[in-house]
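Please read this report alongside the sequence and the 3D view.

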Amino acid sequence: MFQSTSPTRFDLRFSIAGIPIRVHPLFWVIAILLGSNSNNLLMILVWIVVVFVSILVHELGHAFAFRRFGQPSNILLHFSGGLTIPESLPWGSGYATVSLTPNQHIFVSLAGPFAGFALAALTLAVGTALGGQIILSTLLGFIPFPIVLLPYGSGMLNEVFLTFLWVNVFWGIVNLLPVFPLDGGHVTRYVLIQSDPRNGLRTSLWVSVVTGGLLAVTGLLVMNSIYMAFLFGLLAFQSYQMLQGLSARRY
Ligand SMILES: [Zn+2]
């Protein structure tokens with residue numbers, strides 16, 4: 001969504017299963033800002049670790065899905081979250097990326113949120129193995145949301161488990177919303193392009209504008225979250241600009 005992610009000498013670089021990963025220093029700054037509503041230093045640290053692991057697992061979901069279709073990729077964590085970037089392969093006398101079918105694109109997009117849901121399920125399993133009890137709570141007051149409560153005396157550990165579940169379930173659901181360029185926006189685009197090759201792209205952008213706009217208003221008025229309002233307002237506006245771009249090319 002935002003560019004300006006050139007390499008810096010403060011980048012953290014490593015790889016997992018042959019997938020190169022680069023963490024831009026601004027990633028940590030944003031993670032600290034998002035966690036700074038807690039005044040407990042240990043909780044901010046827990047938050048940063050949970051966000052780091054969760055976004056990494058989400059992007060690894062995309063990267064392994066790409067690999068399944070013969071497409072190598074690398075992962076970048078930066079200040080607006082994570083990105084899985086397909087790498088060019090030698091092809092003929094030049095370079096090219098693997099051309100995925102619409103269904104393969106949909107699979108790659110869904111692999112991110114579902115890797116997060118798998119991590120949430122693992123969190124529940126580990127919590128249960130530690131003697132915790134699973135109880136059903138609700139997210140935003142209406143989405144069923146399982147949490148695991150560890151035996152009395154594990155206050156801090158309970159927070160860690162709750163944060164892992166919250167981040168992976170809530171962000172997984174947010175990512176599945178049909179708003180471009182979230183994963184759900186990509187899925188909507190490829191579903192609609194398949195059913196209507198001529199106007200599918202345009203329809204998917206309208207879905208993105210309307211859903212993004214409604215979520216911005218809901219975020220502000222119902223969830224009282226300026227962050228949600230700003231994020232979805234910006235994404236709706238970007239989709240609207242893309243629509244204008246489509247119209248400009250049509251004469
Ligand atoms: Zn994703």
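Leaving aside its neighbours within four places in sequence, A120 is in contact with L165, N168 and V169. Contact means that two C-beta atoms, placed from the backbone, lie within 7 Å. A120 sits in helix α3. A120 counts as buried because it has 21 C-beta neighbours inside 10 Å. The cut-offs are these: buried takes 20 or more other C-beta atoms within 10 Å of a residue's own, exposed takes 12 or fewer, and partly exposed lies in between, with C-beta atoms placed from the backbone. A120 and W47 are 73 residues apart along the chain, and 15 Å separates their C-alpha atoms.

This is a predicted model, in which local features need pLDDT of at least 70, side-chain atom pairs count only at pLDDT 80 or more, and totals for chains, interfaces and linings use all residues. Residues are numbered from 1 along each chain as its sequence is written. Helices (H or I, at least four residues) and strands (E, at least two) are DSSP runs, numbered from the N terminus.

**The sheet**

An open sheet is formed by 4 strands in the order β1-β2-β3-β4, with mixed pairing. Strands pair if DSSP finds at least two bridges between them. β1 (12-16) and β4 stand at the edges with a single partner strand each, so one side of each has no neighbour in the sheet. On average, neighbouring strands are turned by 20° against each other, direction ignored. The pairings are listed here.

| Pair | Sense | Bridges |
|---|---|---|
| β1 and β2 | antiparallel | 5 bridges |
| β2 (residues 19-23) and β3 | parallel | 3 bridges |
| β3 and β4 (residues 81-86) | antiparallel | 6 bridges |

R13 stands opposite R22 in β2. R22 also stands opposite L76 in β3. I75 stands opposite T84 in β4.

β3 and β4 form a hairpin with 2 residues between them.

How many of the 5 residues of β1 are buried? The number is 0, so β1 lies largely in the open. In a regular strand the side chains alternate between the two faces of the sheet. In β3, S73, I75 and L77 make up the covered face, while N74, L76 and H78 make up the uncovered one.

**The cores**

A nonpolar core is a set of buried Ala, Val, Leu, Ile, Met, Phe, Trp, Tyr and Cys residues joined through C-beta atoms within 7 Å. The largest one has 25 residues, of which V50, V51, L77, F164 and L165 touch the most other members. Two or more residues come from each of α1 (25-35), α2 (41-68), β3 (73-78), α3, β8 (143-149) and α4. α2 gives the most to this core, with 8 residues. Neighbours within four places in sequence aside, V51 is in contact with A31 and V167. A second, separate core has 11 residues, including F180, L182, A216 and L231.

Helix α5 (residues 183-195) has 13 residues. Its first and last C-alpha atoms are 19 Å apart, close to the 18 Å expected at 1.5 Å a residue. The expected span is 1.5 Å times one less than the number of residues. The 22 residues of α6 should span 32 Å, and its end C-alpha atoms are 31 Å apart, which agrees.

Buried residues of α5 include D183, G184, G185, H186 and V187. The buried part of α5 packs against α3 (102-129), α4 (155-175) and α6 (200-221). In α6, the buried residues include S204, L205, V207, S208 and V209.

How do α5 and α6 meet? Their axes come within 8 Å and cross at roughly 145°. Axes are lines fitted to C-alpha atoms, for helices over the stretch in contact, and angles run from 0 to 180 degrees between N-to-C directions. The contact is made by G185, T188, R189, L192, I193 and S195 of α5 and G200, L201, T203, S204, V207 and S208 of α6.
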